[in-house]
Amino acid sequence: MSNEEFRAALSRLAAGVVLVTAQEPPLDEDGRGEDVGMTATAFMSVSLDPPLVLVSLRNDSRMDDLLAEQPLWAVSVLAESQRHIAGRFAMKGRISDRLLFEDIPYVRGEVTGAPLAGGALATLECRTEQRVLAGDHTLVIGRVLSAAVPSGDGGPLTYFRGRYRQLG
């Protein structure tokens, strides 16, 4: 089986789209660390008791490197109207995330300090419990410390056959 065959087969699996965020530790005592974000479709609930979720991160990506050091992170479940956010944070090869957050409404998580996207269908704040190497990715299992449903409006943003989609 080739990589292309594998990718084509799994592209037929619809997935929800989330924004994973964290804050880099500050460089000095007076500063605030830079916010970092990435779009993910490999995200799932793992356990109700205790409340655990899992996100898959490409090895050596900026988020993988950050979450190896920073145990606190957050997830915003994106609504269908937030396709632009998903696209923005899915860009590869960017140097800084500072500009990516500039015109996106968000609040800071009370537990993690990470940005939580305004208008998200749900938000979760997490602390890493376990990291599992799996091929070219790391599976990060996080304990959910806080969960909210700030917006009940709209449907979920999904990813299917290589494109962002809406249900219906």
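Start by selecting D64 and R131: they form a salt bridge, with the closest N and O atoms 2.6 Å apart. (A salt bridge here is a side-chain nitrogen of Lys or Arg within 4 Å of a carboxyl oxygen of Asp or Glu.) D64 sits in helix 2 (residues 62–69) and R131 in strand 9 (residues 122–134), so this pair ties together parts 67 residues apart in sequence. Helices (H or I, at least four residues) and strands (E, at least two) are DSSP runs, numbered from the N terminus.

Before moving on, note that this is a predicted model: local features need pLDDT of at least 70 and side-chain atom pairs pLDDT 80 or more, while totals for chains, interfaces and linings use all residues. Residues count from 1 along each chain as its sequence is written, and side-chain values use heavy atoms, leaving out hydrogens and water.

Now colour by accessibility. D64 is buried, at 5% relative accessible area, while R131 is partly exposed at 32%. (Buried means under 20%, exposed over 50%, partly exposed in between, with a 1.4 Å probe and protein chains only.)

Next, pick R108 and D35, whose side chains meet in a salt bridge (2.7 Å, N to O). R108 is in strand 7 (residues 106–108) and D35 in strand 3 (residues 35–40), so the pair ties together parts 73 residues apart in sequence. D35 is buried at 9%; R108 is partly exposed at 26%.

D103 counts as exposed, at 56%.

How many salt bridges does a search of the whole structure find? Eight.
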